[in-house]
Amino acid sequence: MAKFTVIGGNTSSDLGKRIARKLKAPYIKTEKKVFPDGESKITINRIPKKSIVVVVQSTYPPVDTNLLELLSIVSKVRKFSSKVFAVIPYMGYARQDREFLDGEIITIGVIGKLLKASGVKKVLTVDIHSKLALKELKISSENVSAMEVLVKHFKKMKMKDPLVVSPDLGGKERAGKFSKLLKTDFVALKKHRDRRTGKVDILTGKINVKDRDLILVDDMISTGGSIIKATQFLKKQKCRRVFVACTHALLVNNARKKIRNAGVTQIISTNTIPGESAKVDISKVISDALK
Ligand code: R5P
């Protein structure tokens with residue numbers, strides 16, 4: 001009997017199938033119907049046989065809807081397996097990992113409670129926004145990195161004297177890892193985000209990037225604000241081309257167009273979120289971690 005059964009939620013059906021293939025596990029589809037009032041009705045199209053059930057569902061926008069769908073699937077399959085793992089490749093709410101301003105709620109902690117209550121035994125994420133977010137889930141969890149597979153992709157691209165750039169100091173470790181694997185150097189910019197307005201500013205002074213191809217490395221792009229400010233800053237320093245490598249390309253509010261207009265040559269992301277820039281497959285990294 002197969003050790004795993006994989007169930008793909010509506011946000012991650014392609015990735016779920018790929019993970020199932022790599023685990024040599026049966027794959028179960030889910031069907032989704034949306035009622036006129038906005039409620040979604042999820043049906044699993046087969047009952048899993050006795051095994052570890054892996055539910056794959058990224059919680060990208062609409063975040064709350066996709067999260068509820070994940071919780072619904074888990075609570076259903078929990079009846080047939082005592083071991084249900086939630087693979088949440090892109091984990092929404094991970095940026096709400098601390099009380100930045102008085103009265104704010106650490107929502108990632110609330111999600112941890114919901115996952116536990118619905119029957120999740122273990123959570124697996126990919127490049128979750130922060131270690132603190134993983135800790136706040138307060139549930140058995142593992143985070144895997146997409147940096148190696150992203151670097152593999154960039155190694156095939158022709159670059160002139162590449163330099164890895166982190167758009168903020170928070171991403172220093174990630175960019176450091178990326179640059180080490182690419183065998184090049186890296187620099188981290190100093191970014192300031194106004195916690196009330198969300199406005200982003202780059203505080204770094206002059207840096208020497210003249211005529212070099214740059215790779216901006218980040219965990220996620222949402223509105224593109226961070227990448228756009230960093231690109232504008234780097235272009236002023238007379239760099240050559242700017243590429244973006246990120247794990248999760250949410251690209252909300254027309255971000256792709258805005259980023260392109262700011263001068264970015266190409267965005268390369270993983271398939272934690274399907275889309276035009278999802279050129280890098282993360283399924284092997286996830287299935288290796290599950291084995
Ligand atoms: C911030 O610390 C993150 O790593 C991302 O840089 C940021 O959240 C991306 O958001 P946006 O694209 O809206 O600037």
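Start with the largest pocket, which holds about 1600 Å³ of space. A pocket here is an open set of points on a 1 Å grid over the protein atoms alone, where a 1.4 Å probe fits and protein lies on both sides within 12 Å along at least five of seven lines. Its volume is the space filled by probe spheres set on the points, with points joined across faces, edges and corners.

Before you click on, note that this is a predicted model, where local features need pLDDT of at least 70 and side-chain atom pairs count only at pLDDT 80 or more, while totals for chains, interfaces and linings use all residues. Residues are numbered from 1 along each chain as its sequence is written, and side-chain values use heavy atoms, with hydrogens and water left out.

Now select Arg 95, His 129, Ser 130, Arg 174 and Asp 219: of the 50 residues lining the largest pocket, these lie nearest its centre. Lining residues have an atom within 4 Å of a point. Next, colour α4 (131-137), α6 (172-182), β10 (191-193), β12 (214-221) and α7 (225-236), the elements giving two or more residues to this lining. Helices (H or I, at least four residues) and strands (E, at least two) are DSSP runs, numbered from the N terminus. β12 has the largest share, four residues.

Then hop to the second largest pocket, at about 210 Å³. Its lining includes Lys 22, Ser 145, Lys 177 and Asp 281. Two elements to show are α5 (147-155) and α9 (283-290), which each give two or more residues; α5 gives the most, with four.
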